[in-house]
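Reader: I should like to learn how to read the features of a protein model. May we go through some of them together?

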Amino acid sequence: MAYISVTKPHQWKPRLFITRASNPPSFNFIQSFSSVDESISVGDQTSTPIPEAPASASPSKLESLTAAEAEAEAEGKANARTLRGKHRNAEKLEDIICRMMANRAWTTRLQNSIRSLVPQFDHSLVWNVLHGSRNSDHALQFFRWVERAGLIRHDRDTHLKIIEILGRASKLNHARCILLDMPKKGVEWDEDLFVVLIDSYGKAGIVQESVKIFQKMKELGVERTIKSYDTLFKVILRRGRYMMAKRYFNAMLNEGIMPTRHTYNLMIWGFFLSLKVETASRFFEEMKERGISPDVVTYNTIINGYYRVKKMEEAEKFFMEMKGRNIEPTVISYTTMIKGYLSVGHVDDGLRLFEEMKSFRIKPNAVTYSTLLPGLCDGGKMFEAQNVVKEMVEKYIAPKDNSIFLRLITCQCQAGRLDAAADVLKAMIRLSIPTEAGHYGVLIENFCKSGVYDRAVKLLDKLIEKEIILRPQSSLEMESSAYNQIIEYLCNSRQTSKAETLFRQLMKKGVQDPIAFNNLIRGHSKEGAPESAFEILKIMGGRQVPREAESYRLVIESFLKKGEPADAKTALDSMIENGHIPDSSLFRTVMESLFEDGRIQTASRVMHNMVEKGVKENMDLVAKILEALLLRGHVEEALGRIDLLMNNGCEPDFDGLLSVLCAKGKTIAAVKLLHFGLERDYGISISSYEQVLDALLAAGKTLNAYSILCKIVQKGGTTDWSSCKDLIRSLNEEGNTKQADTLSRMIKGEEKAHGSKKGKKQASVVS
C-alpha cells in the first residue's frame, strides 16, 4: 500500500478507499482505512497485513461494490495505468466525490453514485468534501443534500466550514440563514461562527450588515470577546468609519473587555488609514500607559502611517525608537522606510537602508526590490539599479510588479546604457517573467536610434519567432516609433519580407499604421516584388488606410521594370480610383510600355484616363496610339478617342493620320475618319481630301469616292480635284451612270457659280 494521509482528524470511523487491484476482476477486494492524522507507509505493510474479504460475504454485496468501483474509475484520470512493479496511491474518498461533483451536474443520478461509494457518512468526510469542493455551489448543494437525505446531522465544524466557504464566495444570505438556523438543528452558536460572518460582510463592503450581526450576538446571548471586537474594528476602519470605531472601542471598555496589543495595532492602523495622525498617536500613547508594550507590528504600522502623510522625520524617529527598544526591524520595516525615503526624493537614504538591512542579514524580498527600483530610476541611479537587478537574478527573486522592467529598460536606454537595458531583458528571462512586445520595442527603437541595427534585428528575430506580439495575455504593445524604425531599416536593407512578417503580426493586434504600410510598399517595389507591394495596397484599401500617390508610383514603376505593363496599368487604375492623379510622365511611361508590348487598346484606355484627368501632354504618343488603332481596324475606338481629345481642346493631326492610312492602303479607315471630320467641320486640308479620293479611286472604290466628293460639295467645298473626270469615267464604266451624271452637273454648277462670282467681281472693279 502506498503512502496515505488524511485531511482532517476526527474520531475513529471506518472509511472506504476504492482501488483497482492488479488481479482479475473476480479477485477484487475492499480495503478499509480510518480518518486519523496518521500515515501508513509502504514499510508498515510488512507488519500489518490487509484483511481479505470474508468468504461468507454475499455475491450481491460484492457486485454492488464492484459497480461503485467502476463508477469511480469512469469519473476521471485517477485510475490511469500503472507501470509494472509500481504501487498506486489510493485516491481519497473525499477527492473522488469532489471530482464527481465538478465533472457532472447535480442530479439524482450523481447523488446515487455518491451513496454507492460511501456506505456511511461521518463529519470528517463531510468536512473534507466541503473543504475540497471546487466552487461554493458544489459545497452548498452537498451540505444541504447530506442533511436532507438523512445521511448525517451537521455539527459545529461543518457549519463553520460552509459559512467560511459561502462568505468567501459572497453568498452572504445563504451563510446568514445557515447560521441563524443552527439552534433548530440542535447545534449551539459560538463566537467564531459570528466572527466569520462579520468578516465576510466586511470584505464584501457591507459594513452595516457586519454591525448588525455584531449587535445580534448580544440579542442572541452569544458572548462577545475581544476577538469579535477586533474583527468589527477591522471591518469598519477599512471603510474609513473611524468615529464609529471610537464609539465601539469605548463601548468595549464599558463592557469590561480590555484591549490587547492586536486591538491597538488595528486602531492605529485604521486611524492612519483615515489620515487621523493625531488620533493614532494618542492611541499609541494610551497603549503604553496601559502597560501594553508595542511590538514590531505596531512600529511598522506607525512608520507606514507617517510615510503615507509624507512625514519621514517622524517615521525615522519611530524607526530609531524601535531599535532603541531592542525590537529588531523586519524586512517590512526596512521596505516601508525605503519606500518613504524614495517618495520624498531621498534616494541616497533609501539605498543606505537597503545596504543596512543586508548587513544585518535581513533578506530583501520581492516587495523590497519592487519598491527600490522605481526610486532608483527616478533618481537617475542607473548603475545602482543595474546592480540591484543582478542581485535579484542571483537570488532568483522576481518583483511583484512586472511593469518595473519596462521602466528599467526605458531609463537605461535614456541614460545611453544599451547593454544594461539588454541585461534587464535577459534578467526577465532568467527570472521566468513573461517578456512582452513592449519590452522588445523599447530596445529595438533605441538600438535603431543608435545605429546598432544588427542587435535590433536579432531582437526582432526572437520577437517574430516566439510570436510574442500575438500572446493574448500581453498588456504592453510595441509602440509605432519602434516598429516603424525597424521596418524602414529592413525595407532599405532588402529585408522587406521580414518586415512584412513583423507587420502582419502587428495587424492581427489591430495595428493599421500608414507609415509602416508605405514603407513595406517601397521596400517590395525596390526589391522587384511589385505583386507583394500591390497586395499591401489592397490590404490598405480593405482596411480603409490612406494610400499615398508615391506608393502607387513605386508599384507602377516596379511593374514596368519587371516587364509587366498590364499589371502596371491595373495599379494605375487603382491609383486613379483612390483619388490620386498621376503626373504626365507616369501616364507616358505606362502608355509607352503598353504600346511597345503591342497592347494598343490598353494603351488607348490609359490615354482616355489621362485626357479625362486634364493631362494634355504626351500628344506625340497620343498620335501614335490613334494611328495604331486605325491601322489595326479599331476605327470606332479611335474615333471615340479623337472626339474626347477635341472636347478637351486637344486637336489631333487629321492630315497626318489620313496620309498614313492612305499610304498603308487602309481606305475604309480613311473614309470613316474623313466622314467623321466632315460631319464635325474639323479642319482638314484639301490635299488630304484629294489624297483619300486618289486612294479610293486607285482601289476601285468609286462609290466611296463619289460619296465623299458629294459631301465636300454640299459643305461648300471646292471641286478642283484633278481626278474628277477619271472618277466620272470610272462610274460610267461600272454602270453607275446616274452618279456620274449627278457628279458632272455638280461640277459644272460649281464652275458656273464660280465664274459668275468672278464676273461680278470684275464689273465692280471696272465701275
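Predicted model: local features only at pLDDT ≥ 70, side-chain atom pairs only at ≥ 80, totals over all residues.

Reader: With which residue does lysine 395 form a salt bridge?

Author: Side chains of opposite charge can pair when their charged atoms come close. Here the partner of lysine 395 is glutamate 391, and their closest N and O atoms are 3.4 Å apart. The two residues stand 4 residues apart in helix α19, so about one helical turn separates them. Glutamate 391 has 14% relative accessibility and counts as buried, because buried means under 20%.

Reader: How many salt bridges does the count come to?

Author: The count comes to 41 salt bridges. One of them joins the side chains of lysine 381 and aspartate 348, with 3.1 Å from N to O. Lysine 381 belongs to the loop between α18 and α19, whereas aspartate 348 belongs to helix α17, so this pair ties together parts that lie 33 residues apart in sequence. Lysine 381 is partly exposed, its relative accessible area being 24%.

Reader: Which residue forms a salt bridge with arginine 407?

Author: That residue is aspartate 378, and the closest N and O atoms of the pair are 2.0 Å apart. Since arginine 407 sits in helix α20 and aspartate 378 in helix α18, the pair ties together parts 29 residues apart in sequence. Arginine 407 is partly exposed at 33% relative accessibility, while aspartate 378 is exposed at 58%. Salt bridges may also form a network: Arg156, Asp157, Asp190, Asp192 and Lys227 are linked in this way.

Reader: Which residues gather in a patch of positive charge on the surface?

Author: The patch is formed by Lys426, Arg430, Lys458, Lys462 and Lys466. Lysine 466 is located in the loop between α23 and α24, and its relative accessibility of 45% makes it partly exposed.

Reader: How should the length of a helix such as α36 be read?

Author: One compares an expected span with the distance between the end C-alpha atoms. Helix α36 runs over residues 686-698; its 13 residues, at 1.5 Å a residue, should span 18 Å, and its end C-alpha atoms are 18 Å apart, which agrees. Several of its residues are buried, including Tyr689, Val692 and Leu696. Glycine 700 follows α36 and has a positive phi, near 80°.

Reader: Which residues other than glycine have a positive phi?

Author: Most residues other than glycine have a negative phi. Among the exceptions here is leucine 275, with phi near 65°, in the loop between α12 and α13. Serine 432 is another case, with a positive phi of about 60°. Serine 432 is placed in the loop between α21 and α22 and is exposed, with a relative accessible area of 55%.

Reader: How far is leucine 151 from glutamine 120?

Author: Their C-alpha atoms are separated by 7.6 Å, although the two residues are 31 residues apart along the chain. Leucine 151 lies in the loop between α5 and α6. With a relative accessible area of 25%, leucine 151 is partly exposed.

Methods
Residues numbered from 1 in each chain as written. Heavy atoms only, no water. Patch = residues over 30% accessible without salt bridge, like charges linked within 9 Å, V, L, I, M, F, W, Y side chains within 5 Å. Areas by Shrake-Rupley, 256 points an atom, 1.4 Å probe, with all protein chains shown as cover. Salt bridge = Lys/Arg side-chain N within 4 Å of Asp/Glu carboxyl O. Lys, Arg positive; Asp, Glu negative; His and termini not counted. Charge placed at Lys NZ, Arg CZ, Asp CG, Glu CD. Buried < 20%, exposed > 50% of the residue type's maximum accessible area, 1.4 Å probe, protein only. Expected span 1.5 Å × (residues − 1).
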